[in-house]
Structure formats: C-alpha cells, structure tokens
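Dear colleague,

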Amino acid sequence: MAKTPKPDELSKINYTPPQSSWIDTPTELKEGYWCYGAKPKNLEILHFPNPREWRVQDEDWKLPENWQEIILEGMKERLDKYRSFKVFMDICVRCGACADKCHFFIGSGDPKNMPVLRAELLRSVYRGNFTAAGKILGKIAGARPLTLAVLKEWWYYFFQCTECRRCSVFCPYGIDTAEITMMGRELLNLLGLNTDWISGPAANCYMKGNHLGLEPHTIVGNLSYMLDDIETATGIKIEPTFNRKGAEILFVTPSGDLFADPGTYTCMGYLMLFHELGLDYTWSTYASEGGNFGFFTSNELAKRLNSKIYAEAKRLGVKWILGGECGHMWRVLNQYMDTWNGPADFLEVPKSPITGTVFENTKTTKMVHIAEFTADLIKNGKLKLDPKRNDNLKVTFHDSCNTSRGMGLFEEPRYIINNVCNNFYEMDELTIREKTFCCGSGSGLNAGENMEIRMRGGLPRANAVKDVVDKYGVNMVANICAIDRAVLTASLDYWVPGTKVTGVHELVANALIMKGEKERTTDLRGEPLPGMEGNE
Amino acid sequence: MKLTNLLSEKKSAVLNRWYDAILNTYPSDTSSFLKQQKNPFLNPVGSTIFQGIEDLFNELLQCKMEGERVSQFLDNIIRIRAVQNFTPSQCISFILFLKKVIREEIKDELATQHLYDELQELESKIDEMSLLAFDIFMKCREKLFQLKADELQRWTFRRLKKADEIYRQESVHEDIYDEITEFKRKEVAK
C-alpha cells in the first residue's frame, strides 16, 4: 500500500528548484517538449545510419555499441574540417552577452536554453576529449565525459534551438551559436538520432522534390484550386505553365505555400502578380521546394536537397530564378547554394523584364527574392494598386530570422506593405530587423507534439505583437516566411487571440488592380472588402 | 479597514516579497535575469508577472473583487506558467505565496492590532483567486490541445476539400448511372 503522507509532511512542499550548477543538474526529457524520433524508413531513404524503430521516452535508444567512438570521431572530423567550429569551441569566455537573447530562454526560464549553456553541452565534451586542460583537470576545466545522459541532453536541447542566430548578433566574439547547434545535430545524426518532423520532409524532398511529398499532378491540382478561387474573387482566369522549357524565369517557392492556409493565399498572390505582369515564367513540379529540411540535419544533406534547383534551371534553360517568400530557404540560397552547387554560370545575372533593373546583389546566386522583385516594380510605378482594399487591416511586420540576419532584407517588405496598406505599425525596435525575435518554431521545430516548447519560444515575439495590438489595434501580422505563416497562426492564437497572419504578397494581391477584373467584393480569403460588406 | 490601510502602506514591500517568492520558483540563473532586466520586450515573463501581481494586489485591496478583471490579471501570468517547466500545482502556487508574504510582512501588527478577522476575510479572497486560477490553467492547457487539432485541420483542409469534390463527382456519376439504369428498365418494359 502506498505511504500516506502526514499533514505536516504535506505542508512541506518546496517550490524552489535545486540550485546546483548546470553540469550537476540532470536533464529530464519531458513529453510536450520533444519531437518524435525519426522513423527507419525515412533514414533509409536518405541513406542515414542506424535506421530502427525507437521511442524518445524509452530508456534504450538502440544505439550502436561503439556510439561514443562514432560521436568523438565525428567531432574530430568536423573540428578539422570546419575552422569556425574549432574557433567557436575555443574562444567563448562565457561573458553572458548571449545568455538572455534567446527566445527559448526568455520564454522558458530554463538556463540550458541560454545559448552559452547550450553550447557548453557540446564544449564540455570537446574539452574532455580534445584539450589537454580538460583531459587532465576534468570538471575543474569545465570538461565532462560523453555519457548516455549527455547524449540525451544534447538531443533534447539541440532541438530546442531554432538556429535563429539572434544570440550571435550580441556575441562580442561573433560566435554563431546556430552553427554549434548544426554541428550538434550533425553528430546526433551519425547515430540515427533525428526528429521525424525533420527526417520525414527531408526524405519526401529527396524522393519527390518537396517536403510534403506532393507529386506533379497534385501540385498542378492544388494550384488549380487556387486558380478557381482567384477567378471567383477577380473574374480572371489564370493559366500558369509547368516545367516549360525556354521560359525566361524559373519560380521556386516553399511547398507550404501550395498546401496550408494561410500560405495558400500568398501563393495566390504570386499567381496574380505574375499574370498581371505577363511574366515569362514557369513553375517546376520537380524543383518544387525552396525550403530545405536537410539544412536542419547536416551540411551534406542540405547540399544534396538543394542541388535540384540549379539542375532544374539548367534542364529548363531559364535565364534566372525567382524565389518566393520563405525564411531558411533564403539563408541556404543566399549563403550556401553558390558554393555548394554553383557556379551557376549557365544562368544570366537576373534582370527584371518589366523594369530593366539588374539585381547586382544576386550576381553569383542568380536568384532573386520576390520582395526585391516586387519592391522594384512598385518603385518604378509598374503596378496599379488600391491600398484602400486593405483598410480593414492594421498591419505589423515580423522580420523572419533568416531573411533579416541571413541576408539583410529589411526595407523591401516594409516598402511593399506601405504601398499596399494604409495602416502599418512597427513593433518595438528591440524586437525587429536584425534583433528580430524568432517565431519560436523554425529549424524543423514546427511539429505538433512539442507545442509547449513552441509556445515558450513564441512568447517574446507574441509579446511584442500584443503591444501593437493594445496600442494601435493591429489585427494582422505580415511576414515573408512559410514557417512563420504556419506557426505564428498557432502562437498568436495562444498569446494574442484574434490576431491573424499573412504573407506580404497576399496583401499585394488584394490591392492589385488587374486588367479586366470584375468589381472585387471580397479578398482572397472570401471575406468582404472594406465597404463591400453585404455585397459578397 | 485597518488591514487594508496597513497593506496599502506596505504595498511596495509586500509586492517585492511576493515577486521574490515567485522568482524563487525558477532556477537561480533565471531568477536573477527575471529580476534585473526591466525592459518588458526583453523580459516578458518578469514584467508580466510583476505587473500581474500588482494588479491582483490592488484588486484585493478593493472592497469587492471583480471576477472578470481578476481573471484577466491571473490569465496574464498563468498563460505563461502553463507552458513552463511546472506541475499544475507549481503553476498556480504563486497565488498562495501571498498569504505567507502578508503574514510575514505584518507580523508585529498582527499581534498588537487585532487584525485576525480582517486577515481571515482577505485570505478567503486569496483562496477564491486560487480557485479561479485553476479554471484558467485548465483553459490554457485545453487551448494547447485545441491548437494541435486546429493545426492538423489547416494542413489537411485542402486535401479533404479535394477528396470531398472527388466524392461528389462520383456521386454525380452514380446519379447518371441510376438514370441510365432506370431508362433501360423502361425501354425493356416497352
């Protein structure tokens, strides 16, 4: 029989957590905070090691017998290969500048979410195995052995980092903690330790070209639904082309835009804009994914998944590539694609066929962000716009981590919004542009089973949204990222209910006056335009 | 009223003590950050908790607590703690901390000024708050599950819509088939 506590024992509840140092505080893997483990079939498709059925909550993770050796070998290989990794392991002085910059730490209050401590999880093993001081002095030098508990702690916390790089903005040494997380995840993948939310889409992408595993006919089918909705709203029938050889431009966007609301409305925006311009472009049902979940797995897989974009551009014989609204897709395209799979010397330096503007900034990648493309159209007076159609909206803009800190894209989306909307309000300056807070679920953390972690991570962003909601009555958060569109919808529903989420090109499409359109009474969501209530 | 006046005078001391007690439910590295960082955008947890307990304390000192307002003030804090690393009891324990804080803060006056009746009344109000807190905690947790369901629906909506249309088309075929069968039956009957 269970021991019944006495009243005086019951009253002695201590709510104060243990005040031990991080290295002595064991980590308990709690449900709701982690994602399900990778399924063997997905690892097999990707040719990753140790495919097997396993469950995070089980004691036995079914690791190979020599798993420590594999990890330490993998670490050595990466320390030799990536100079940045070696430097980041050595130079941190634990000044704490990054400590309170992470949205997960701010939202959770868990010290191991401080970027410096998250990195220490790896550094402590590095010291213990690769530095003389660590080998001799052990714990005194901040070193610890690689045990199963340490490995599980890595798995827990490297999937509680969205690789957003906000901490790196504040590091006086320029340590990019996202790269430490990347290395941590690469090492875990050597043992078949990935989340299924990442390995599933990556496997889909490897086999079918996009994360959702949409086959060519499904892509065409999905777009045709959007075309029907566009026709209902505008009276205009649009007929885009697919896999058309000889088109001037290849358009690549994240597949989330093809499938889930509200991203689909952004996708309708692209279709309407390109139709209105009479752009000579084509969709591809093979390079049908701009995003790259390989990027959340390993450098090698990211490169493999990215290779289809240039390959398809070459096959179709286009002159340059235009890309849709996405976050991490652009970090990959802007910072990695050229050196991974370039040089794209078979393409031309992108030049807008409408304005004649040459996008010199994309001279090497040959790929233009749609926000740059559209801002240039507006600047040159090529679009007829009626911003009053968005008068029912009070809009703020959330800078996506990767487009802001990864490519410095600050002004273009704001310029577009200010031309298609009359009511725009900035969030607090400490939470936008290069200091922007992550949506809370980037880098493959946007699964369902880890909703609590997502809400914690989403708090700092939502808190800044709440401020403009209270002050100005903001009701719409615009952004240029497919993951933002998916996850802010949930996060804001929890923290600031009633606030909606949109892509910038949905706003453009609402305001766009198209040749031959009927009198528009609804927006793309089928809701009445301002002044048209009762007419829809 | 004596107690209310006394607590109004000691408001700042009570709030600080209460705030410290709540911060102690976080690991020490975290509590020092929550205490030191005053900017609400950089420290939403600390600033929301402090603002929340101030609002709740003011409401307690009013003669009559207004349920809706109290719920909102509680909601601001509980919504955060409901997704942090706490058990349900730990999540809402912060309200009951106030009893201990008040008793400690007015220890001397309690002995000399016959405040027990008023204190009992005040503590009942605090108990009421903790019951409200339980409702709010449950709403937050239910919301989390709702979010998961909604997200799944957003991901599958277009797929289901498409499946539905295919089904309808098939129904149309069935209708035509039925008509043809009927026509043939009549033809044969002729």
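Two strands are said to pair if DSSP finds at least two bridges between them; helices (H or I, at least four residues) and strands (E, at least two) are DSSP runs, numbered from the N terminus. The model is predicted: local features need pLDDT of at least 70, side-chain atom pairs count only at pLDDT 80 or more, and totals for chains, interfaces and linings use all residues. Residues are numbered from 1 along each chain as its sequence is written, while chains are lettered from A and ligands numbered from 1 in the order in which they are written.

Chain A contains an open sheet of three strands in the order S5-S6-S7, with parallel pairing. Strands S5 (395-397) and S7 (500-503) of chain A are at the edges, each with a single partner strand, so one side of each has no neighbour in the sheet. S5(A) and S6(A) (residues 476-479) pair over three bridges, and Val395(A) has Met476(A) as its bridge partner in S6(A).

Helix H23 of chain A (residues 504-511) lies across S6 and S7 of chain A, at about 80° to S7(A). Axes are lines fitted to C-alpha atoms, for helices over the stretch in contact, and angles run from 0 to 180 degrees between N-to-C directions; residues are in contact if their C-beta atoms, placed from the backbone, lie within 7 Å.

Elsewhere in chain A, the axes of helices H4 (residues 83-91) and H10 (residues 177-189) come within 10 Å and cross at roughly 110°. Ser84(A), Phe85(A) and Phe88(A) in H4(A) meet Glu179(A), Ile180(A) and Met183(A) in H10(A).

Notes. Contact = placed C-beta atoms within 7 Å.
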